[in-house]
Amino acid sequence: MRMTIAAVGRLKAGPDRALVERYVERATQAGRSQGLTLALRELAEGRSAQVAARMREEADGLLAAVPADAALVALDERGENLSSTDFADRLAVLRDRGTRDLVFAIGGADGLDPSLRQRAGLLLSFGRMTWPHQIVRLMLAEQIYRAVTILSGHPYHRA
């Protein structure tokens with residue numbers, strides 16, 4: 001299953017980008033034997049002065065990154081708060097059902113347009129706090145790597 005983190009905004013060169021890239025690479029290396037790969041796709045932020053129009057513009061860009069038959073997970077503070085093992089189990093179910101593509105959508109500073117949240121099969125939350133999209137990108141990449149190690153029986157996850 002090809003997993004993609006589709007995120008609004010671009011990380012600048014530096015430690016944030018390096019850490020995200022490290023977890024993306026680790027997840028792909030560890031996941032290949034399980035049929036799992038991970039890529040990062042960064043999208044431009046919306047340019048509209050109106051918040052609703054900007055969110056819609058960003059949603060259009062994110063949805064364009066989702067193949068027609070792909071599963072979509074949207075990161076949203078109103079979503080489900082899963083444990084790492086429950087998250088790994090959800091990935092395993094999608095993989096075992098033959099899902100070819102899974103896209104994780106991270107919106108911009110204003111959040112996600114309702115149309116994108118409605119299209120998502122899962123709204124995923126990292127808690128009720130608001131997080132900058134750069135940090136969410138890092139946390140998601142790490143959790144995907146952790147899920148891959150859980151599924152493979154690797155000792156990275158020590159719970």
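Let me start with what T28 touches: leaving out residues up to four places away in sequence, T28 contacts L36, T37 and L38, where contact means heavy atoms within 4.5 Å. This is a predicted model, so local features need pLDDT of at least 70 and side-chain atom pairs count only at pLDDT 80 or more, while totals for chains, interfaces and linings use all residues. Residues are numbered from 1 along each chain as its sequence is written, and side-chain values use heavy atoms, with hydrogens and water left out.

T28 sits in helix α1, residues 15-31. Helices here are DSSP runs of H or I with at least four residues, strands are runs of E with at least two, and both are numbered from the N terminus. Is T28 buried or exposed? It counts as buried, because its relative accessibility is 9%. Buried means under 20% relative accessible area, exposed over 50%, and partly exposed in between, with a 1.4 Å probe and protein chains only.

R17 is also placed in helix α1. R17 is buried at 19% relative accessible area.

Now the cores. A nonpolar core is a set of buried Ala, Val, Leu, Ile, Met, Phe, Trp, Tyr and Cys residues joined through side-chain atoms within 4.5 Å. The largest has 32 residues, and M3, F87, L102, F104, L140 and I144 have the most contacts inside it. Helix α5 gives the most to this core, with 7 residues. A second, separate core has 15 residues, including A65, V66, V103 and A105.
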